[in-house]
Amino acid sequence: MKIDPRLCVECANCVAVCPMSAIHIDPEIRRAVVDEDECVECFACYRGMSSENLNPMLIRLARRTLGLFRFRFDPEPDGCPTAAIVPQELEWPRSIRRVFSDVLMTHEGTGILGRGTEEVKTNDVTGRLGPGFAGFVVELGRPSVGARFYDIEKVSRALAAVGVIFEEKNPITGLMTDVSEGALDPEVLDEKVMSAIIEFRTPLEGTDAVLQVLEGVAREIDTVMAVGVAARCGEDGQNDLESMLPALGYPIVRAKTNLGLGRAEVIS
Amino acid sequence: MTHSLHRFGQPEDLAGDYIVFAMPAQGVDPESAIRTEKEFLRRSLRHQPVNLGDAKKGGWFQPQKNLGPGVHWRRNTEPKPELVIDGVDAPGIVAAVFDRYEAMEAFVEELRELDLGVSINISALADRAATCCRACGITRHSVEYSLGFLGKTEKLPEKEILELATMCGHGTVSFGLAEKMMDRVRSGRMTPKAAARTLARFCVCSIFNPARAEEILSGKRKRG
Ligand code: SF4
Ligand code: SF4
């Protein structure tokens, strides 16, 4: 992402809006600038900010004049008053940033928006997570810290070592050069993304071992990860994780519950 | 996508936060999926949702690209449900957010009767979702549990900021903007409602709960 210095009036609204804190006001040029290495091309600034489409020359003049009287120019806090934020052409491997960070990018491999797959959201129709398995969804970089692929690879390698089954259609699995080792394409390792999801299955009885691996590798990464685990319910609507997780030290608080109202026959 | 799963908060604070969403599986006839999604959104309006959205197009609070200088005095920030419903033009995820359990349960009951044929999920406190299923005579199919955050958690901000920002699962409601809105409300420069709506505009999927945000921002709620 870039900021057009001819349009920017250094209101600093975009500084707060950027989830990666990649924008600052350069006091020498008195304009906002984007730190390209930290920017993950999430488009939150460009797409998320409203715009008042004001004339930058007039605004600078007004700011100087108001400043003399200790008044301040105060645009709407969610807007770039002059529409100064402009996207740039992204080339490989930088383009991978947007794929994993811009909510509205559809991933080629999954065909859906965002960073993961349908997971258990459509499990009632697809049956992708069957009985007897725990389906893990480990999102590196979330919430709003961001992650480099070299950290993501540390986690995928640690998981591969305990024999998890990576979800084939997941974008991170698609970046693996060796799935058995959890190795990622070396070209992307230094790239930063808002977050990326590693998705895999393990037999239910392997849940404890996976959690121990995650707790261990969590100490080696320079970011955070949000961990979710899913199970299929039996005919009585119960599942084994419900008793297993609290016993492993993970109290049950929030969950996503698939109600089983989807029908496979509506798929053409 | 785990976009709604990891909302930060104490259970008592999360008791005012329910997301119900519909998602057709890939391969579903697009025309019928669009009709179904519109029906889902239309029906949700009977149950006073606090947010409504189509993950591909945005929600009823959206950025406005054509504001003029008069916006400070007359900005229309009211929800626009018809914008969302009319805008659905491709299969995807549609969601309705509720701040009351009763409203969510009544909507789920209606969905069960409607039998739309697409996958319906509740993202909320696990026990509330289970209670809702029992009350509506629904047998849960699958459940995904949030185990919280691991790693360098010292990089995360204070509790209230985290509560606000994690209501957008894709991270586009930044810690910085949440903090700025807190400051503005504390210093009397913005109302909690205006600040909550400002944050909501950055959540493209519209699963952000402005009612809960308003409570957090007002500083009036009992702290967990
Ligand atoms: S919001 Fe726009 S005008 Fe304000 S500092 Fe950022 S780029 Fe410049
Ligand atoms: S694209 Fe995202 S990360 Fe980059 S400057 Fe804009 S808000 Fe920040």
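Predicted model: local features only at pLDDT ≥ 70, side-chain atom pairs only at ≥ 80, totals over all residues.
1. Surroundings of ligand 2. The shell around ligand 2 holds 11 nonpolar residues, no polar residues and one charged residue. Its members are Met1(A), Cys18(A), Pro19(A), Met20(A), Ile23(A), Val34(A), Cys39(A), Val40(A), Glu41(A), Cys42(A), Phe43(A) and Cys45(A). Since Glu counts as charged, Glu41(A) is the charged residue of this list.

2. Ala12(A) sits in the loop that runs between strand S1 (2–3) and helix H1 (13–17) of chain A.

3. Domains of chain A. The domain assignment divides chain A into domain 1, covering 2–86, and domain 2, covering 117–247. Taken over C-alpha atoms, the centres of these two domains of chain A are separated by 38 Å.

4. Contact between the domains. In chain A, six residues of domain 1 are in contact with seven residues of domain 2. The area buried between the two domains of chain A is about 550 Å², and carbon and sulfur atoms give 54% of that area.

5. Charged and polar pairs between the domains. Three salt bridges are counted between domain 1 and domain 2 of chain A. In a salt bridge formed by Glu38(A) and Lys192(A), the closest N and O atoms are 2.6 Å apart. On the side of domain 1 of chain A that touches domain 2 of chain A, four residues are nonpolar, none is polar and two are charged.

6. Extent of the interface between the chains. The contact between the two chains takes 90 residues from chain A and 86 residues from chain B. Together, chain A and chain B bury about 7,800 Å², with 55% of this area on carbon and sulfur atoms. Of the area that chain A buries against chain B, 12% is supplied by Arg254(A), Lys256(A) and Leu259(A), more than by any other three residues.

7. Charged and polar pairs between the chains. Between chain A and chain B the count is 10 salt bridges. In a salt bridge of Arg75(B) with Asp78(A), the closest N and O atoms lie 2.9 Å apart. Polar contacts across the interface of chain A and chain B involve 49 residue pairs. Strand S14 (residues 224–232) of chain A gives the most to the side of chain A that touches chain B, contributing nine residues. By class, that side of chain A comprises 43 nonpolar, 25 polar and 22 charged residues.

8. Cis peptide bonds. The bond from Trp92(A) to Pro93(A) is cis, with omega near 5°, and Pro93(A) lies in the loop between strand S6 (85–86) and helix H4 (95–101) of chain A. The peptide bond from Arg142(A) to Pro143(A) is cis as well, with omega near 5°. Pro143(A) belongs to the loop between strand S7 (133–140) and strand S8 (147–148) of chain A.

Conventions: Residues numbered from 1 in each chain as written. Chains lettered and ligands numbered in written order. Heavy atoms only, no water. Domains from an automatic or database assignment. Contact = heavy atoms within 4.5 Å. Buried area = accessible area lost by both parts, 1.4 Å probe. Salt bridge = Lys/Arg side-chain N within 4 Å of Asp/Glu carboxyl O. Polar contact = N/O pair within 3.5 Å; in protein donor to acceptor, adjacent residues only side chain to side chain. Helix = DSSP H or I, 4+ residues; strand = E, 2+ residues; numbered from the N terminus. Near = heavy atom within 4 Å.
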